[in-house]
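Here are my notes for your read-through. Please check each point against the model.

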Amino acid sequence: MNPEQLSKLAKVPTDFGVTSKAKLDPSFGLQLGQEKIQERIHQLKDKPDELMKIVNQNPLVQEMAAADPAMKEIIHSPEALQMLFSDEAIEELRRLSCARTEGCAK
C-alpha cells in the first residue's frame, strides 16, 4: 500500500457504519473494554506481521477480501492494520457499540 492510500485510510470517518444497516454485537463494546483483550490488542500492534497473520486467518475477513480488492489490500498491509487497531479506532468501536446497548463502563 503506497503512502497516499495509507493516508486516505487514516482520513476515513470513524463512524464504522453507524448510519448504515450494519450492527455491532451488543457485547462487543464490553469485550473491547476488558483489560485482557486490550492487552492482547496492544501486543499485536507491536507485532504487525503477527497481527496480519491473525486477521488474514479470519474466515469473515477472507470473504470480505474476496469481495473487495481494497479490503484485500488493507489486510495485507501491516501499516493499515496497525491504524485500524489503533487505540483511537478501538475506543471508537467500543464507544459506538456501547451507545447501541445499555452502555458500557469504561
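1. A cut-off to start with: buried means under 20% relative accessible area, exposed means over 50%, and partly exposed lies in between. Asp 87, at 41%, therefore counts as partly exposed. Keep in mind that this is a predicted model.

2. Overall make-up. The protein chain has 8 helices and 0 strands. Buried residues account for 27% of its 106 residues. The chain exposes about 7,400 Å², with 56% supplied by carbon and sulfur atoms. Of contacts with a separation of 6 or more, 67% are between residues 24 or more positions apart.

3. Salt bridges. Side chains of opposite charge can pair when their charged atoms come close. The count here is 4.

4. Lys 45 and Asp 87. Their side chains form a salt bridge at 2.7 Å, N to O. Lys 45 is in helix α3 and Asp 87 in helix α8 (residues 87–99), so the pair ties together parts 42 residues apart in sequence. Lys 45 is buried at 14% relative accessibility.

5. Arg 40 and Glu 50. This salt bridge spans 3.1 Å, N to O. It links helix α3 (residues 35–45), which holds Arg 40, with helix α4, which holds Glu 50. Arg 40 is partly exposed at 34%, and Glu 50 is partly exposed at 29%.

6. Arg 94 and Glu 91. The closest N and O atoms of this salt bridge are 3.3 Å apart. Both residues lie in helix α8, about one turn apart. Arg 94 is buried at 8%, whereas Glu 91 is partly exposed at 28%.

7. Asn 56. This residue sits in helix α4 (residues 48–57). Its relative accessible area is 18%, so Asn 56 is buried. Beyond neighbours within four places in sequence, Asn 56 contacts Gln 62, Ile 75 and His 76.

Terms used
Residues numbered from 1 in each chain as written. Predicted model: local features only at pLDDT ≥ 70, side-chain atom pairs only at ≥ 80, totals over all residues. Heavy atoms only, no water. Helix = DSSP H or I, 4+ residues; strand = E, 2+ residues; numbered from the N terminus. Buried < 20%, exposed > 50% of the residue type's maximum accessible area, 1.4 Å probe, protein only. Contact = heavy atoms within 4.5 Å. Areas by Shrake-Rupley, 256 points an atom, 1.4 Å probe, with all protein chains shown as cover.
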